[in-house]
Amino acid sequence: MLSPEPDTQSDAQSDTRSDTRSDTQTETRSGAQSGGSEPPAITVSGLTKVFRVADERGRRSQFTAVSDVSFTVPAGGSLGLVGESGSGKTTTARMLVGLEAPTAGRVEVLGHDRSRPARGAAERRRRARELQIVFQDPYTSLDPSQTVRVAIDEVLRTHSGLEGTARAARLAELLDQVGFDERQASARPRELSGGQRQRVAIARALAADPRVLILDEAVSALDVSIQAQILNLLVDIRAATGIAYLLISHDLAVVRHLCDSVVVLRRGQVVESGDCGAVLDAPADEYTRVLRASVPVPGWRPNRSAA
Amino acid sequence: MLRLRDVDVALNVEGRMRPVLIGLNLDLAEGEALGLVGESGSGKSMTVRTITRLLPQGARVGGSVEFDGRDVLAMRPAELRAFRGSDVGVVFQDPRAAINPTHRIGEFLGEALTVNRGVGKAEAARRAAELLASVGIDDAERRLRQYPHELSGGMLQRVMIASVLAAEPRLILADEPTTALDVTIQAEVVGILDRLRRERAMGMVFITHDLDLALAVCDRVAVMYAGSVVEVRSARDLHETARHPYTIGLLGSRPSIEERAERLAAIPGRPVSAFEAGTGCAFASRCAFARDVCRSVRPRLETFQDGLVRCHRVEEIHEHAVA
């Protein structure tokens, strides 16, 4: 349905709709949690990032990568942030983990403000225990000289507060959770496949025992059969630990598989949000509809009149 | 039009010959679109490089590759140049790596026309604008004056397709042509490829890791594993008619956008490459149905229920599934 009204009106419409949906979402979620007293995993409000850019002639201008983005990941919930190139999903992730300072807006993780850099080592450690991130490329995020076991134990040593046999037991548990046997645990990154490296990255993130895990295109580069294994692993981990996920992805099928709710971004703005199944089955926004209709599914045919 | 028989290819990796294709068979009819689907190391891209004889130095090739009854592997340099220039066109995954960044789009397309079709300069300019229009780029005047870096990935892939069309080939080899593109752009580019190949009755080998995309664009799909084809089926109903355990596993591995499954029927282990495959079935190490014979004897690609399947136990497995 293409709205004949000016953009502002249709935006307002989809905003209203998304508000209703996220309210329902939050209620169901907090109802499922113990008493609903736990703060949301992530609360993002009015998040904005403006970059100053210069063109080839040196003329300065401003580029708004993320504009007034708000969403909530409930405690133990799972939210997908979807969009194509230039949607602002990567910039949003970078602001969430403190790699980029917001121009405006607020980020809270487990009720703690993250809009400012951490002050001191204690706060940095606390933040690491609250939230971890797994990136798309496991090749660059692992130390080539460390074995799998050492790489995971390093995080346990820094963040778990466990010592001796307790730490060894936790290490064994993590290795088992991500499916590494004794021999594989002694391997170095170059001896591992892409899927195995991604499992090391996930185990390292989990070693800090975070309440929230950001998965930034974490399964996108994997072969289909390996991707399925990692998706099953992520579902199992959430069921076992109650960890919350923020999944950043361009793959709507992966988002549907892992997430309860979804936020659709386009050119830095939220165009639609709500229950994942509801949004994907009946998109209210025109762009979400195009995005959904572009995914090849059984029976899908390319648009031969495409110009 | 295209026929590959018992093709073996081995590459020289640090002095040792490493197989990448093993006993590969493929057939493509005039005007047909065939999807080649597989995971990393399955040999999809090597198949394209074998057909166009663009293999790295020191590669050893056995078997036969025939185009219109001509033996591609025996072609001499002049004949091979003509074959590459006007019979086949290749669309690669990354147009930025395939298009000279220092030439304007007009020069790039003009070169394809003057070199391969022998047309004059003025005529080439007119034809270049026509080609851009045929791939859905309408402000041709401006685009022809632009450099590759001024175009988006989707636009550049359209230019790449236009340059392939310039030679009016009878066969297009598209190697993951939309993998680097956003999904909405992918839908447009795939739509353009599909329309053009039908209008011009060109054959197409469409390589992708995305089974559903191949099913949408192709008449038939060949699933590759460890350097061989393990199953060939009509694209129309592969979801229902897949019989090879690997094909069925691939179908179960992808999450659905239409409904949420509790768990995915993941295939255990990781994809193996041709050089790691033993004497038996290459998929045996990951297959729930594997028996001793699967681990010791390599199955042949044989007809089964309107398709081709490389599996010793396909009949038993199918009877079991139906029962």
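This is a predicted model: local features need pLDDT of at least 70, side-chain atom pairs count only at pLDDT 80 or more; totals for chains, interfaces and linings use all residues.

Residues are numbered from 1 along each chain as its sequence is written, with chains lettered from A and ligands numbered from 1 in the order in which they are written.

Stop 1: Select chain B and show its C-alpha trace, which spans about 65 × 50 × 35 Å along the principal axes. A compact globule of 323 residues would have a radius of gyration near 20 Å, and the 21 Å of chain B agrees with that (taken over C-alpha atoms; the globule rule is 2.2 Å times the number of residues to the power 0.38). Switch to cartoon and you get 13 helices and 12 strands; these are DSSP runs numbered from the N terminus, helices being H or I with at least four residues and strands E with at least two. Of the 323 residues, 47% are buried, that is, with 20 or more other C-beta atoms within 10 Å of their own, C-beta atoms being placed from the backbone.

**Stop 2: the four-stranded sheet.** Pick out the open antiparallel sheet with the order S2-S1-S4-S5 in chain B; strands pair here if DSSP finds at least two bridges between them. Strand S2 (16-28) and strand S5 (70-71) of chain B are at the edges with a single partner strand each, so one side of each has no neighbour in the sheet.

Zoom in on S1(B) and S2(B), a hairpin with two residues between the strands. Glu14(B), in the turn, has a positive phi of about 45 degrees.

Show Phe67(B) and its bridge partner in S5(B), Arg70(B).

**Stop 3: the helix across the sheet.** Which helix lies across S1, S2 and S4 of chain B? Select helix H1 (residues 44-51) of chain B, which runs at about 80 degrees to S2(B) (axes are lines fitted to C-alpha atoms, for helices over the stretch in contact, and angles run from 0 to 180 degrees between N-to-C directions).

**Stop 4: the side facing chain A.** Bring chain A back: 37 residues of chain B are in contact with 36 residues of chain A, contact meaning C-beta atoms, placed from the backbone, within 7 Å. Helix H8 (183-199), helix H9 (211-217) and helix H11 (245-253) of chain B are the elements giving two or more residues to this side. H8(B) gives the most, with 10 residues.

Key. Two residues are in contact if their C-beta atoms, placed from the backbone, lie within 7 Å. A residue is buried if 20 or more other C-beta atoms lie within 10 Å of its own, exposed if 12 or fewer, and partly exposed in between; C-beta atoms are placed from the backbone.
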